Amino acid sequence: MHITLEADYALRIVDTLAHSPQRMEAKAISERTKVTLRFSMKILRKLVASGIVRSYRGAGGGYEIARPLSEVSVYQVLEVIDGPLTLNRCVLVDHACSRVPDKGCPYHDLFSRLTDQLKAELSAANFDSLHK
């Protein structure tokens, strides 16, 4: 299991904004994170739509974190980009397991428990606490 490259880049972008004393232009974000400008813009649009990042137009415009860093978790950023985190698709609410439909899959409880633990850890990791 791994997060997508886009989610990894989103974490880099949020971390960069979280530790910037001022708004940053997309080009500066791209250069600092080593993510192409085009891909940075795609990710920034998603982060702005989610309310994690705020954008400003015009002179003095750019991007900044929209909420206190203690309220922005690693899980939130990953979920914006990759959707709900699961170890296996069988954990998703709308997915039916075809392995043992009448008895239930023996792995479902394990994957559900591990998914919940991972979500809890990633939700507890906020951008304020990561650099302390």
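Start by selecting Lys 34, in the loop that links helix H2 (26–33) to H3. The model on screen is a predicted one. Lys 34 is not a glycine, yet its phi is positive, about 65 degrees. Is Lys 34 buried or exposed? Its relative accessible area is 68%, and the cut-off for exposed is over 50%, so Lys 34 counts as exposed.

Next, select helix H3 (residues 37–50) together with helix H1 (residues 5–18); their axes come within 10 Å and cross at roughly 75 degrees. Angles of 65 to 115 degrees count as roughly perpendicular, and therefore H1 is described as roughly perpendicular to H3. To see the contact, show side chains on both helices. From H1, display Glu 6, Tyr 9, Ala 10, Ile 13, Val 14 and Leu 17. From H3, display Phe 39, Ser 40, Lys 42, Ile 43, Leu 44, Lys 46 and Leu 47. Coloured by class, the contact of H1 with H3 shows nine nonpolar residues, one polar and three charged.

Now move to the strands. Select E1 (residues 53–56) and E2 (residues 62–65), which run antiparallel and are joined by four bridges. Pick Val 53 and look across to E2: the residue opposite is Ile 65. The two strands, E1 and E2, form a hairpin with five residues between them. In the turn, click on Gly 58, where phi is positive at about 80 degrees.

Stay in the loop between E1 and E2 and select Arg 57. Arg 57 has a relative accessibility of 84%, and because exposed means over 50%, it falls in that class.

The last stop is another helix pair. Select helix H4 (residues 74–82) and helix H5 (residues 108–124). What are the angle and the distance between the axes of H4 and H5? The helices pack at an angle of about 115 degrees, and their axes are 5 Å apart. H4 is therefore roughly perpendicular to H5. On the H4 side, show Val 74, Tyr 75 and Leu 78. On the H5 side, show Lys 119, Leu 122 and Ser 123. By class, the contact of H4 with H5 is made up of four nonpolar residues, one polar and one charged.

Terms used: Residues numbered from 1 in each chain as written. Predicted model: local features only at pLDDT ≥ 70, side-chain atom pairs only at ≥ 80, totals over all residues. Heavy atoms only, no water. Axes fitted to C-alpha atoms, helices over the stretch in contact; angles between N-to-C directions. Parallel < 35°, antiparallel > 145°, perpendicular 65-115°, else oblique. Contact = heavy atoms within 4.5 Å. Nonpolar A, V, L, I, M, F, W, Y, C, P; charged D, E, K, R; others polar. Pairing = 2+ DSSP bridges. Buried < 20%, exposed > 50% of the residue type's maximum accessible area, 1.4 Å probe, protein only.
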